[in-house]
Amino acid sequence: MDHHKLAELIFPDIKDTIEDLEKRFPTRELPQGAYVTRFAPSPTGYMHIGGLYAAMISSRLAKQTNGIFYLRIEDTDKKRELKGGVKEIIQSLAGYGVAFDEGPFAGGEKAYGPYKQSERKKIYQICVKELMRAGYAYPCFCTAEELDHIRKQQEEKKDDLGYYGAYARCRDLTYEQIEQKVKTGIPFVVRLRSNGSDEKHIMYSDPIRGKIEMPENRMDIVLLKSDGIPTYHFAHIVDDHFMRTNLVVRGDEWMASYPVHKQMFDLCGFTAPEYLHISPIMKMDGNAKRKLSKRKDPEAAVSYYLEEGFPSDSVKEYLLTIANSNYEEWHKANPDKTGEDFELSCSKMPVSGALFDMVKLTDVSREIIAGFSIAMCEKQILEWAQQYEPDLYQFAKAHQDQFQETIALWKMSGKKVRKDVSKWSELTQMFDYLYMPQEKFEQVVVYELDDKYTKEQLAEVIGEYKKNLFLDTNEWFSNMKALGEPMGYCPDMKEYKKHPQDYRGSISDLCTMVRVAVTGHKNSPDLYTIMKVLGEETVQRRLDQFLERL
């Protein structure tokens with residue numbers, strides 16, 4: 001067959017060549033060893049935590065080698081594309097410190113664009129035409145019904161499934177047969193004419209897994225769909241070559257596609273990039289591991305961590321512990337440095353599924369928040385609360401000094417830093433008595449009362465305490481001892497433990513009853529400071545409400 005003639009029949013309007021594209025997209029001038037990496041999502045759904053993980057690794061490997069990290073949008077599926085999807089991807093990643101050097105955004109369009117696949121249709125067709133001219137591509141007119149019939153034949157014979165060899169019905173059509181079908185308007189796709197064989201193997205060296213041997217590809221896969229839009233497999237080959245990507249970070253589920261991709265790079269005359277196949281994000285489900293599921297697991301979505309109020313530094317820090325097995329050891333040896341100073345190593349990345357542990361993330365986040373200054377906590381809480389917790393936001397804006405006092409209250413215990421808070425959403429759960437409007441607090445408060453305190457005992461203690469709250473002096477605890485002793489509450493805990501039968505209770509019991517009346521909780525940070533923040537009027541109102549509930 002005259003393959004040049006066939007290429008002109010299928011692509012009569014395509015005049016440019018691969019040589020023209022090579023001139024249009026020249027080799028990047030970068031330092032030796034610099035990585036050009038990319039993040040190439042589809043704007044068809046929310047950002048998965050696995051996507052953030054891959055983007056973070058790609059970004060860091062480019063940055064630490066003085067390379068380029070760019071965003072490419074795979075938007076060929078227009079039916080599933082979400083409005084504003086690209087903007088959401090950029091904003092989601094920016095919130096975690098992942099920024100792009102190039103991409104489909106203002107200031108990001110550089111010489112290697114367009115950065116949306118939907119705008120690169122002609123580039124793909126130029127490359128397919130060249131493959132067809134070389135005899136490596138052909139039109140396939142098989143209908144869905146015919147492909148189903150082929151599949152059934154293969155299942156009956158227990159052959160490999162796919163379009164190949166004797167099953168590739170359109171592979172050996174004559175030029176005249178093809179011309180007739182094209183002229184009569186029969187829809188077609190363009191397939192790769194594979195030159196692979198089951199008997200031959202290729203070697204692939206993965207930076208994480210080492211050398212892997214795989215059989216060559218022998219499937220005549222689709223390059224262009226009937227609408228002229230490329231499949232993922234072919235678009236990736238063309239885009240990564242002409243955008244001059246030299247390192248592709250992707251999930252290990254794509255490892256099986258390597259023979260297909262390597263074959264296409266070779267047939268196009270392109271040099272294949274290095275591939276880094278990272279392990280998927282997993283979770284424990286009973287006694288077994290499984291992938292985080294968009295349908296089953298709320299924590300699969302990056303938005304989950306924003307809504308819950310995990311600081312972005314916490315999520316980044318935790319992902320680094322997953323990405324490199326030596327990160328925690330490095331961090332302990334370099335306490336004055338941050339994760340931004342850490343250099344990722346491909347050899348330290350997990351080979352099997354990376355287990356995502358929410359308990360460990362929570363522990364990491366407690367450490368991160370403990371290291372924040374009060375000003376940093378205030379800034380981050382305000383940013384979060386403005387969108388997700390209006391009551392807290394209103395309190396913080398209306399009472400800035402008091403709000404800063406509350407942060408110090410749950411953050412510090414004397415000179416010791418507390419590590420109680422792991423995410424900002426916990427503030428209104430753990431410290432509802434501080435941040436909830438009084439009217440709402442009165443409606444929802446549930447008092448954590450021990451059965452050992454009688455109603456009469458509680459009424460007496462709260463009634464006496466209401467007479468003088470002792471909020472005008474720092475000697476609150478001493479005054480409480482003096483208040484309780486006439487009522488039979490021992491002011492000395494050592495004495496009380498020796499002779500508990502001689503007293504109605506201890507100073508601890510006295511303070512606990514007041515604490516529950518004011519906050520609803522048996523345990524809280526410094527009660528005196530809490531009441532100073534609330535103010536005398538609110539404290540009196542809460543004591544009155546408590547007495548009414550008895």
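Q: Is Thr231 buried or exposed?
A: This is a predicted model. In it, Thr231 has a relative accessible area of 15%. The cut-off for buried is under 20%, so Thr231 counts as buried.

Q: Where does Thr231 sit?
A: In the loop between strand S7 (222-224) and helix H8 (232-242).

Q: And what does Thr231 touch?
A: Val222, Leu223 and Lys225, leaving out residues up to four places away in sequence.

Q: How does the lining of the largest pocket divide by class?
A: 16 nonpolar, 13 polar and ten charged.

Q: What about the second largest pocket, what is its volume?
A: About 500 Å³. Its lining has 19 residues, with Gly95, Leu306, Gln380, Glu383 and Trp384 nearest the centre.

Q: Now the packing. How many residues are in the largest nonpolar core?
A: 105. Those with the most contacts inside it include Ile57, Trp410, Tyr465 and Met480. Helix H3 (residues 49-63) contributes the largest share of this core, nine residues.

Q: Which residues is Tyr465 in contact with?
A: Beyond its neighbours within four places in sequence, its contacts include Phe470, Trp476, Met480, Val514 and Leu543.

Q: Backbone next. Which peptide bond is cis?
A: The one from Gly113 to Pro114 is cis, with omega near 5°. Pro114 lies in the loop between helix H4 (85-94) and helix H5 (121-133).

Q: What is the phi of Asn66?
A: Near 60°, a positive value in a residue other than glycine. Lys158 also has a positive phi, about 55°. Most residues other than glycine have a negative phi.

Q: Where are those two residues?
A: Asn66 is in the loop between H3 and strand S2 (68-71). Lys158 is in the loop between helix H6 (144-157) and helix H7 (175-183).

Q: Is Lys158 buried or exposed?
A: Exposed, at 76% relative accessibility. Asn66 is exposed too, with a relative accessible area of 56%.

How values were computed. Residues are numbered from 1 along each chain as its sequence is written. This is a predicted model: local features need pLDDT of at least 70, side-chain atom pairs count only at pLDDT 80 or more; totals for chains, interfaces and linings use all residues. Side-chain values use heavy atoms; hydrogens and water are left out. Helices (H or I, at least four residues) and strands (E, at least two) are DSSP runs, numbered from the N terminus. Buried means under 20% relative accessible area, exposed over 50%, partly exposed in between (1.4 Å probe, protein chains only). Contact means heavy atoms within 4.5 Å. A nonpolar core is a set of buried Ala, Val, Leu, Ile, Met, Phe, Trp, Tyr and Cys residues joined through side-chain atoms within 4.5 Å. Ala, Val, Leu, Ile, Met, Phe, Trp, Tyr, Cys and Pro count as nonpolar, Asp, Glu, Lys and Arg as charged, and the others, Gly among them, as polar. On a 1 Å grid over the protein atoms alone, a cavity is a set of points where a 1.4 Å probe fits but cannot get out, and a pocket is an open set with protein on both sides within 12 Å along at least five of seven lines; lining residues have an atom within 4 Å of a point. Grid points are joined across faces, edges and corners, and a volume is the space filled by probe spheres set on the points.
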